[in-house]
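Thanks for coming. Please have the sequence and the model open.

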Amino acid sequence: MKTLRKTLLLLCTLAFSLGVSAQTVSGKLVDEQNQPLPYANVVLLSLPDSAFVAGTISDADGTFTLETTMPNQLLRISSIGYSTVYRPVNPADLGVVQLKSDAQLLGEVA
């Protein structure tokens, strides 16, 4: 009977640890000319309340990685001069994400 309890406890522990395992979210950011976008903000938000989970910036070659353990999350990618992009974390490898320019022409000052 004790062996059965120990085996059951071991199986439950393994099942729980697999469910809580970390997932790496990664991708590469490029601009409209497919040039790497360095130093862009990449923030992981939990749903449904958009609470901050983790954040990083993209490397000089536009790549980024984040570790997450929670399901149902959203990635917010932003950089000055570009429109903000929101992507679900599934799949964990986002591949290449292109940011669009958000430049606005200002009028003259009189």
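Ser50 is partly exposed, with a relative accessible area of 40%; partly exposed is the class between buried, under 20% relative accessible area, and exposed, over 50%, with a 1.4 Å probe and protein chains only. Its phi is near 60°, a positive value in a residue other than glycine. Ser50 sits in the loop between strand 2 and strand 3; strands here are DSSP runs of E, at least two residues long, numbered from the N terminus.

Before going on, the conditions. This is a predicted model, and local features need pLDDT of at least 70, side-chain atom pairs count only at pLDDT 80 or more, while totals for chains, interfaces and linings use all residues. Residues are numbered from 1 along each chain as its sequence is written, and side-chain values use heavy atoms, with hydrogens and water left out.

Back to that loop. Pro48 is also found there, between strand 2 (41-46) and strand 3 (51-57). The peptide bond joining Leu47 and Pro48 is cis, with omega about 10°.

Where is the residue Asn34, whose phi is also positive? Asn34 lies in the loop between strand 1 (23-30) and strand 2. Its phi is near 60°, and Asn34 is exposed, at a relative accessible area of 55%.

Pro38 lies in the loop between strand 1 and strand 2 as well. At 31% relative accessibility, Pro38 counts as partly exposed. Pro38 and Asp59 are 21 residues apart in sequence, yet their C-alpha atoms are 5.4 Å apart in space. Leaving aside neighbours within four places in sequence, Pro38 is in contact (heavy atoms within 4.5 Å) with Ser58, Asp59 and Ala60.

Three strands form an open sheet in the order 4-1-7, with mixed pairing; two strands pair if DSSP finds at least two bridges between them. Strand 4 (63-68) and strand 7 (93-98) are the edge strands, each pairing on one side only. Strand 1 and strand 4 run antiparallel and are joined by 6 bridges. Within that pair, Val25 stands opposite Leu66 in strand 4.

Which residues have the most contacts inside the largest nonpolar core? They are Leu29, Val42, Leu66, Leu75, Ile77, Val97 and Leu99, in a core of 16 residues. A nonpolar core is a set of buried Ala, Val, Leu, Ile, Met, Phe, Trp, Tyr and Cys residues joined through side-chain atoms within 4.5 Å. Strand 1, strand 2, strand 4, strand 5 (73-78) and strand 7 each give two or more residues to this core. In soluble globular proteins, nonpolar side chains tend to be buried together. Not counting residues up to four places away in sequence, Val42 touches several residues, among them Leu29, Leu66, Leu75 and Ile77.

Gln73, in strand 5, is buried, with a relative accessible area of 4%. Its side chain makes a polar contact with the side chain of Thr68 at 2.4 Å; a polar contact is a pair of N or O atoms within 3.5 Å, where within protein one must be able to donate a hydrogen and the other to accept it, and residues adjacent in sequence count only if both atoms are side-chain atoms. Ser46, in strand 2, is buried at 9%. Beyond four places in sequence, the contacts of Ser46 are Ala51, Val53, Met70, Asn72 and Gln73.

Conventions: Helix = DSSP H or I, 4+ residues; strand = E, 2+ residues; numbered from the N terminus.
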